[in-house]
Amino acid sequence: MDIVVFLFVFAAIFGLYAVGRAWLGPGRPGAQISQDPRDLPLYAFYSLVRMAVAYALSLVLAVAYGYFAASSRRAEMILIPLLDILQSIPILSFLPAIMLAMVALFPHSQFGIELGSILLIVTGQTWNIAFSFYSSLKTIPRDLREAAIIYRFSRWQRFAELDLPFSTIGLVWNSMVSVAGGWFSLMACEMFVLGNRDFRLPGLGSFLQTAASNGNTRAILWGVGGMIALIVLLDQLIWRPVIVWADKFKFEQVESSAAAHSTLFHVLGRASVVHRLYRRLIRPFFNWLAITLTQRAFRAAETFGARKPGRARTWIGFLLLAAILVGLGFAVFHAARELSDLHHKDYIELVRSAALTFLRVNSALLLSALWTVPAGVAIGFNPRLARFAQSVVQTAASVPATALFPIILLFLLRLRGGLEIAAMLLMLLGTQWYILFNVIAGATAIPTDLKEAAQVFRFGSWDRWRYLILPGIFPYLVTGMVTASGGAWNASIFAEYFHFQGRIVSTAGLGSTISGASDTGRFDLLLAATLIMATIVVLINRFLWRRLYRLASSRFKLET
Amino acid sequence: MSTANTNTALDATPEPIIEARQLEKHYPQADGSRIQVIAPINLAIYPGQIIALLGASGCGKSTLMRMLTGLSPATGGSVYWHGQPVNGKFPNVSIVFQSFALFPWLTVIENVEAPLEARGIPPIERHKRALRILDAVGLDGFESAYPKELSGGMKQRVGVARALVVEPEVLFMDEPFSALDVLTAETLRGELLELWLDHKIPTRAMFIVTHNIEEAVVLADRIIVLGRNPAHIHADFTVSIPHPRDRKSAECIELVDSIYRVLTHPAHKDETVPPRTYGPGAPPKSKVVMLPHTRPGGLAGLLEILVDRGGRVDLHRLSEELSLDLESLLPTIDTAVLLRFLRTEEGDAIITPDGYAFAQADIQTRKAIFRKAALANVPLLRQMEQALRAKSNRTLSEEFFRDLLDEHFSAEESRRQLDTAIQWGRYAEIFDYDSQSGKLTLTEA
């Protein structure tokens, strides 16, 4: 065991060196992306590092955001609605701003483009983690919080021993969703054209994108294979063990019988190097940290009455607020000017494409629901099938639909209206899994008593669906549809506009408007389309999903 | 404030550890008046005493305890710690929680070490101290277990160990044994008392919040009975029965009986006391009757038992036979008294002719009797009925009534009051209620 662990450490050191050399080298805008399968492992590694750094940044940002939102009533009033909006903005809309800023900051090294790409991934990942952390903090039981206060936990101790552990499970699940979203948008994040400037970074996403642009079928297949292999590997090596580890943080008073299982986790648990590392390095460090932080807090607490919030601090607060307001006003003013530049014909076009995408998204949702509900119920009612199907579906779901897209296009572009079908198919691929997962979970959760009651009273199959199955899975179905709806809107950006075989294939829609505007550097159009999309998504959430959610949790909740 | 058996401990121990002077809590209202939750209270905790705070659910005993510990800020008066006012600072106290409030991700010993870590004690020292206290409460060998692996009794032992490890001057306990089964609770109570009597724990006083009269009688040197709406000290008993106390002894039974008497004595009934209002321009509030939070279903059962026993029964004996504690029995008694199905006298419950008729009737007749009694004796239901009748469509939203109640109760309490009123009104067929729309509709006869 120890030898394996050592090998991993060596590999990590070598990887660090390779990344450092690539990032700190001179900038190479428009670098050639290799199409040789032998370069795939290195490219996959580059993409992986990008994802890892982006995820780490997302996590830190999300925790800070959630913590701040939960700790102050005033901050909460602004930050939580803001989160709703930020979540609904597609990442491509952030692209020009982030890219131009980063390249301007680091004009002479690759670092700027790398950082830009990473920040782009962050903007797609961080919001739902932040929301999960915030809502976990809000649901900490009162007794636990009071225990922390009465035993005089310092801020750090409260964070490390109460806030963070209580939120861990939510953080883990949302991290998985976020990272999956990151893979989904990887192709856009590694290769983008901004007006006449061309940025590309060596990685799996750009490999696939280039292969698709050149129509190189062999390279496409290699790329897709590499991506699937990488994702399955990550699932086994990272997520499964993490889920097992997170089980410890389940807030329950009694041990549940069905515990998650991971072989790797047990191997790591048995490796003595890991234990020694923990005992010698990690634990002493945190002990030291805790003691330094708590002793300071303790001294501060003893002189409590004497300390008053300083005048300077309130002033700084005011200045900060003023600066933010000025900046906001400035931004709104400029945005309004950009928008007023748009011709009214553009607006008509925007409304038309919004309507088209709206139709497309909702047909995709409907189609997903149509096949996943019967399939999910069938699987969920059969426990043995459910266990097996669960893991198959999980793996299938983790393969980003965008990676498969070039293959789909290869077949469909020959047909009339092929892109239309392909676009719908991509949305379907991106969204159906969420619904299927949830329907299976819902069907499994229907109590046996109710099923037996339906049998005793000889319900026909229609009555069974109407009185038992549909109400039983309703809350789960709504949960799945909410996620799927958000995903489908985001997917429209990739589905409606694509560089393929040396040309641009696109179909009218809001997504293709955003992609096209970003490609051609039309910021006014990009801004307007983004605003429209964000508004639509937020409105749908407010007026449709939130209501259904409330209905689900009040009327269709199965309580015993 | 009625005092059944007052005996100040001043001569024995001159200086209190914690003292509350005119401690009160109220919520401001939009119209400038206030809702009084806790009336100004004077209370002192002296060293060497176990104090039990006794009261029915929702009477404010937990809030009072939290104010004494500094967890919940008071809106008037102050808490003194050895004569010094505590403002925002926490005196050296601990709390044992009803729900245990252990951190499930920390092992037993990590849970016990956490408060020491918070005080900046180095790892080796805190490990030593934690082991010592775990040994004392009988948790030897469970150091590395996680709370979820333990039974309820073991979990509460961890809760006690964690509370004691910081050597608190006063150990507060918030219904520490009510989440446990009867036998486990009895064991833990005995062990705790033993530790206390043998001076094996560093604590100088204990303060137990409970709704279990017998628990208070077995443990406490002083029992404070809290009345409600607003919370006030209803009675203050000093208990000098030597330990170990036998709950079957004549002295104990007599004490339990007299506490029951205080709790149910009509002269001390405080439900009809209007909440105090202050502030300029506060309009005089009408009399409010606070509804006990029961469902009408249990009422018939109680009255039937009374009929079986010849119409009069000793409440203490009844609670013992049914193994019900104060928490579950008292609200039902209150309901019956409010509807004039029952009256209490010297700790006994006596059935009235109406109550007798109710107990003997069939389902439909019971509803009719209940309806009559409810409209005659519960002003809130009467008001609701009149308001609904005044509307042409006989329909009003529950918000309307909630707003009315908000003038008299805190937001949470007014929600509970309305929920109870709706339960009763539906049972009495005064109105129908649609939970989806929140609409109340008068039931036409």
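I started with the domain centres: taken over C-alpha atoms, those of domain 1 and domain 2 of chain B are 33 Å apart. The bounds, 18-266 for domain 1 and 297-442 for domain 2, come from an automatic or database domain assignment.

Before going on, I noted that this is a predicted model, where local features need pLDDT of at least 70, side-chain atom pairs count only at pLDDT 80 or more, and totals for chains, interfaces and linings use all residues. Residues are numbered from 1 along each chain as its sequence is written, with chains lettered from A and ligands numbered from 1 in the order in which they are written.

Next, the domain contacts. I found 17 residues of domain 1 of chain B in contact with 14 of domain 2 of chain B (contact: C-beta atoms, placed from the backbone, within 7 Å). On the domain 1 side, H7(B) gives the most, with six residues (helices are DSSP runs of H or I, at least four residues, numbered from the N terminus).

Then the cores. The largest nonpolar core has 135 residues, and Ala52(B), Leu53(B), Ala161(B), Phe207(B) and Ile223(B) touch the most other members. Such a core is a set of buried Ala, Val, Leu, Ile, Met, Phe, Trp, Tyr and Cys joined through C-beta atoms within 7 Å; buried means 20 or more other C-beta atoms within 10 Å of the residue's own, all placed from the backbone. I also looked up a second, separate core of 110 residues, which includes Phe207(A) and Val224(A).

Methods:
Buried ≥ 20, exposed ≤ 12 C-beta atoms within 10 Å, placed from the backbone. Contact = placed C-beta atoms within 7 Å. Helix = DSSP H or I, 4+ residues; strand = E, 2+ residues; numbered from the N terminus.
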